[in-house]
Amino acid sequence: LEIDYIILRYLQMELKAPFTTSFGTFQTKEFILVEAVDSNGVSGWGESVAFSAPWYSEETVKTNWHMLEDFLIPLAFAEPIDHPSELSKRFGAIRQNHMAKAALEGAVWDLYAKRLGVPLYQALGGTKREIEVGVSIGIQPTVDELLRIIERYVTQGYRRMKVKIKPGWDVGVIREVRRVFPDVPLMADANSAYTLADVERLKALDEFGLMMIEQPLAADDLVDHAQLQPLLKTPICLDESIRSFDDARKALHLGSCRIINMKIGRIGGLQEAKHIHDLCREHGVPVWCGGMLEAGVGRAHNIAITTLENFTLPGDTAASSHYWERDIIVPEVEVHNGLIRVPDAPGIGYEVDRRQVERYTQFAKVYRR
Ligand code: OSB
Ligand code: MG
């Protein structure tokens, strides 16, 4: 596998509705699309999940561009690549910057699978032909609004509801949701909005039969979560805190969580995702695929990794139309009865719609070997 040139594009897409978490509100999604083209003119696609501001993690669109341009693309050009795992090993020389690494590694995985003529999910060792998905629901202006939204997604067949919480929008809100939807599979995501001083408030959530509570404490913490977990009946799921295989290993060792949210970008790529998946399987710890409000390319990568057997809980990869007026892939990602049919075409399995990509691209740059 020899990459001839790489195109970085900076895109802007408007979300259909603002998405509010405990750390801020998204309205416009800005991201980098990576296109890696081999000597046969075949394109592999990757999407960076870094946001425009460093509020979920320290990476941003701009730091990703810098890392890609000045360090990662030169490493990709340095030698031919027989397997994408070699690239992730090469990237080991650069500390952190996982979303930048994952974007380029993802493009190379797509290229690798296309070269073999197999769908990406098979190249990754996945087996599922369809995957179960839920939906992540941002903080709303009122509880009534939240209930209306949940009603709609339940009707659409989504397999579980994830409600964003923060201090002041938590116990009372979840109680109302449970009263109206006593049986819906439900979970809450705090995005690090609490500390150990809030133990009583977090314990109060135990009575609602949540599938899990996601990332209640600090984004870089494993120790406080290990202290919190035995005090709760509800399983803790870690998102922000798991940035690598070693983080996952330590979290399982310490008992910081009982479930792991896998995000390809956060942990540095598909190779590391496979590695963490296998570790969790050995420990009987379920994983599921999180979301970063991805456009179609990122969504396709999420679908592919979710076909691995230990992704046993519904993920956050909702339909394209849930986020966008028009996505950048054809067909768009569709969800029927809470299921996504995994595509069979080589690579990511969806065609990138170059007209739409053009439409959303603010600027682009070509890097040659
Ligand atoms: O914590 O999972 C999160 C969105 C932006 C930043 C962080 C998170 C989220 C989501 C939405 O929960 C997931 C999605 O629908 O893509
Ligand atoms: Mg989360």
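Let me begin with a term: two residues are in contact if their C-beta atoms, placed from the backbone, lie within 7 Å. What you see is a predicted model, in which local features need pLDDT of at least 70 and side-chain atom pairs count only at pLDDT 80 or more, while totals for chains, interfaces and linings use all residues. Residues are numbered from 1 along each chain as its sequence is written, and chains are lettered from A and ligands numbered from 1 in the order in which they are written.

With that in hand, please find Val34, which, leaving aside its neighbours within four places in sequence, is in contact with Ile6, Leu8, Trp45, Gly46, Ala103, Leu104 and Ala107. Val34 is also, together with Ile213 and Ile260, among the residues with the most contacts inside the largest nonpolar core, which has 111 residues. By such a core I mean a set of buried Ala, Val, Leu, Ile, Met, Phe, Trp, Tyr and Cys residues joined through C-beta atoms within 7 Å, and a residue is buried if 20 or more other C-beta atoms, placed from the backbone, lie within 10 Å of its own. Helix α3 (residues 98-116) supplies the largest share of this core, eleven residues; helices here are DSSP runs of H or I with at least four residues, and strands are runs of E with at least two, numbered from the N terminus.

Where does this core lie? Domain 1 (3-117 + 353-368) and domain 2 (122-341) both give residues to the core, so it lies between them; the bounds come from an automatic or database domain assignment. The C-alpha centres of the two domains are 23 Å apart, and their contact takes 36 residues from domain 1 and 34 residues from domain 2. On the side of domain 1 that touches domain 2, α3 gives the most, with ten residues.

Turning to helix α12 (residues 296-306), eleven of its eleven residues are buried, so the helix is largely enclosed by the rest of the structure. Among them are Arg299, His301 and Asn302.

Finally, the residues around ligand 1, meaning those whose C-beta atom, placed from the backbone, lies within 6 Å of it, include Asp189, Asn191, Asp239 and Asp316. By class, this shell has four nonpolar, five polar and three charged residues, where Ala, Val, Leu, Ile, Met, Phe, Trp, Tyr, Cys and Pro count as nonpolar, Asp, Glu, Lys and Arg as charged, and the others, Gly among them, as polar.

Methods: Buried ≥ 20, exposed ≤ 12 C-beta atoms within 10 Å, placed from the backbone.
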